[in-house]
Amino acid sequence: MYKSIISSASERMDKTLESLKKDFARVRTGRASTTLLDPVMVNYYGNPTPLSQVGTLSVPEARLITVTPWEKNLIPEIEKAILKSDLGLNPSSDGVIIRIPLPSLTEDRRKELCKNVKRLGEDAKVSVRAIRRDGNDELKKLEKSKDISEDDLKRGEKDIQDITDQHVKKIDDLVVHKEKDVMEI
């Protein structure tokens with residue numbers, strides 16, 4: 001019975017890791033990546049629509065992203081959406097394609113991004129620990145209602161702690177890797 005609590009906690013922790021990876025994909029490094037534009041929403045006939053759903057995004061060079069809109073009349077809307085996104089990007093258009101050059105990151109900006117990466121990692125760890133607490137609380141309820149023995153409770157708590165330690169280590173590894181990416185020139 002307590003195995004389902006442990007597997008549920010593990011699945012939730014895995015989802016936290018996936019969420020962290022998505023957050024890290026949006027943190028800008030020295031190289032261009034189309035995931036940088038994931039949060040950009042374009043006004044498409046009155047509806048906010050993800051940029052990736054109104055055109056083709058590509059990375060032809062290390063510091064350049066291009067957007068080829070499916071409809072030419074969307075070019076001004078796409079440019080406006082990119083400018084409003086607070087990504088610090090300046091798109092330019094030739095009437096057919098939008099080019100988004102990525103300026104080099106300053107040392108101060110890199111340090112600021114590293115702080116953001118650490119904060120995202122810390123938030124993920126807090127989430128993992130909250131999941132551990134929830135799992136342990138559920139185990140204690142089962143033990144209190146005599147559905148599991150005290151030995152099962154201790155074993156379950158140890159299993160949840162082991163899973164928590166594994167996930168915290170993975171988060172730390174992701175943070176170190178992303179910091180290295182950000183500080184790379």
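**Close-up views of strand pairs, helix contacts and single residues**

**View 1. A hairpin joins strand S3 to strand S4 through two residues.** The model is a predicted one, in which local features need pLDDT of at least 70 and side-chain atom pairs count only at pLDDT 80 or more, while totals for chains, interfaces and linings use all residues. Residues are numbered from 1 along each chain as its sequence is written, and side-chain values use heavy atoms, with hydrogens and water left out. S3 covers residues 55–61 and S4 covers residues 64–69; the two pair in the antiparallel sense over five bridges. Strands (E, at least two residues) and helices (H or I, at least four) are DSSP runs, numbered from the N terminus, and two strands pair if DSSP finds at least two bridges between them. Across this pair, Ser58 stands opposite Thr66 in S4, and Thr56 stands opposite Thr68 in S4.

**View 2. S3 and S4 belong to an open sheet of four strands.** The strand order is S3-S4-S6-S5, and the pairing is antiparallel. S3 and S5 (92–93) are the edge strands, each pairing on one side only. Strands of a sheet pair through backbone hydrogen bonds, either parallel or antiparallel.

**View 3. Strands S1 and S2 form a hairpin with two residues between the strands.** S1 (residues 41–44) and S2 (residues 47–50) pair in the antiparallel sense over four bridges. Val42 stands opposite Thr49 in S2. Tyr45 is placed in the loop between S1 and S2. The phi of Tyr45 is near 50°, a positive value in a residue other than glycine. Most residues other than glycine have a negative phi.

**View 4. Tyr44 and Tyr45 form an aromatic pair.** Rings of Phe, Tyr and Trp (its six-membered ring) pair if their centres lie within 6.5 Å; planes under 30 degrees apart count as stacked, over 60 as edge-to-face and the rest as tilted. By this rule the count comes to one aromatic pair. The Tyr44 and Tyr45 rings are edge-to-face, at 4.8 Å centre to centre with 70° between the planes. How exposed is Tyr44? Tyr44 has 27% relative accessibility and therefore counts as partly exposed. Tyr45, at 60% relative accessibility, counts as exposed. Buried means under 20% relative accessible area, exposed over 50% and partly exposed in between, with a 1.4 Å probe and protein chains only.

**View 5. Helix H1 packs against helix H3.** The axes of H1 (residues 2–26) and H3 come within 10 Å and cross at roughly 170°. H1 and H3 are therefore roughly antiparallel to each other. The residues of this contact divide into 13 nonpolar, four polar and five charged. Axes are lines fitted to C-alpha atoms, for helices over the stretch in contact, and angles run from 0 to 180 degrees between N-to-C directions. Angles under 35 degrees count as roughly parallel, over 145 as roughly antiparallel, 65 to 115 as roughly perpendicular and the rest as oblique. Ala, Val, Leu, Ile, Met, Phe, Trp, Tyr, Cys and Pro count as nonpolar, Asp, Glu, Lys and Arg as charged, and the others, Gly among them, as polar.

**View 6. Helix H1 also has a contact with helix H4.** The axes of H1 and H4 (residues 150–183) come within 10 Å and cross at roughly 10°. The two helices are therefore roughly parallel to each other. By class, the contact of H1 with H4 has twelve nonpolar, four polar and eight charged residues. Ile6 is found in H1. The relative accessible area of Ile6 is 8%, so Ile6 is buried. Ile6 and Gly156 are 7.1 Å apart in space, C-alpha to C-alpha, and 150 residues apart in sequence.

**View 7. Helix H3 packs against helix H4.** H3 (residues 107–144) has 38 residues. From its first C-alpha to its last, H3 reaches 55 Å, close to the 56 Å expected at 1.5 Å a residue; the expected span is 1.5 Å times one less than the number of residues. The axes of H3 and H4 are 10 Å apart, and the packing angle is about 170°. That makes H3 roughly antiparallel to H4. Their contact has 13 nonpolar, seven polar and 13 charged residues.

**View 8. Lys146 follows H3.** Lys146 is placed in the loop between H3 and H4. Its phi is positive, about 65°, although Lys146 is not a glycine. With a relative accessible area of 70%, Lys146 is exposed.
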